[in-house]
Amino acid sequence: MIVLSEHVDYWNHIGWKDPYSARFYSDRQSAYGRRLGLESVYTPQMVVDGTSEFVGSDASLADRAFAEALRRPKLAVRLSEVALGAASLQAHLEAGALQASFGLAEADVYVAVALNRAESQVSHGENAGRTLSHTAVVKSIVKVGTFRQGQTFAQDVRLKVDAGTAARDLRFVAFVQEPGQGRVIGAALQSVGPLPGQSRTEMGIPGSAE
């Protein structure tokens, strides 16, 4: 699994601001809601491969969605030459040919930087007084290109990171998605610093759960 945790900002009005939240992620969730025919958005919500959604705490629905996602063909995506500078993370990104079998005339390519682990101290609201632990908290998502059916994709990419961020705290993710924030057809993860139980270079893992 490749996980991206995107913190929405529409709960910030209750007196405590989620330090990892942003309007950008609320807008992404709303776009998925429209695409998937929802009357409204909610939390916690899980979206798998851009094609299914459900309450994120429902383990049985998650298991079924993951099993279905694993049966779908995936486009090969590779990350290499990952390097962390003073205020940016750079890598070389490649994606295999967009075959007609995917049913897409073109596809968008995104990259994301996320924190492996994070915590927040909640001061107000229903979780007041609690310390919340988070995984794969997205710091930025950027569309870096589009390629058409029959083409491959290759590009050097760079994303800003907060100065002083340690490599061991970061993961770099790339994914290929149907235009209009639709179906995710391929993804890859590169751990910038070693994750627990993982090697330094973990690439080409199929699927993406946002």
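In the predicted model, Asp-27 and Arg-23 lie 4 residues apart in helix H1, which means that about one helical turn separates them. Their side chains meet in a salt bridge, with an N to O distance of 2.9 Å. Arg-23 is exposed, at a relative accessible area of 55%, whereas Asp-27 is partly exposed, at 38%. Side chains of opposite charge can pair when their charged atoms come close.

The count of salt bridges in the model comes to 10. One of these joins Lys-143 to Asp-108, where the closest N and O atoms are 3.4 Å apart. Lys-143 belongs to strand E6 (residues 131-148) and Asp-108 to strand E5 (residues 106-121), so this pair ties together parts that are 35 residues apart in sequence. Asp-108 is buried, with a relative accessible area of 5%, while Lys-143 is partly exposed, at 45%.

Strand E6 also contains Lys-139, whose side chain forms a salt bridge with that of Asp-162 at 3.5 Å, N to O. Asp-162 is located in the loop between strand E7 (153-160) and strand E8 (170-177), and the pair links distant parts of the chain, 23 residues apart. Both partners are partly exposed: the relative accessible area is 37% for Lys-139 and 47% for Asp-162.

Met-1 is situated in the segment before helix H1 (23-35) and is exposed, with a relative accessible area of 52%.

Methods. Residues are numbered from 1 along each chain as its sequence is written. This is a predicted model: local features need pLDDT of at least 70, side-chain atom pairs count only at pLDDT 80 or more; totals for chains, interfaces and linings use all residues. Side-chain values use heavy atoms; hydrogens and water are left out. Helices (H or I, at least four residues) and strands (E, at least two) are DSSP runs, numbered from the N terminus. Buried means under 20% relative accessible area, exposed over 50%, partly exposed in between (1.4 Å probe, protein chains only). A salt bridge is a side-chain nitrogen of Lys or Arg within 4 Å of a carboxyl oxygen of Asp or Glu.
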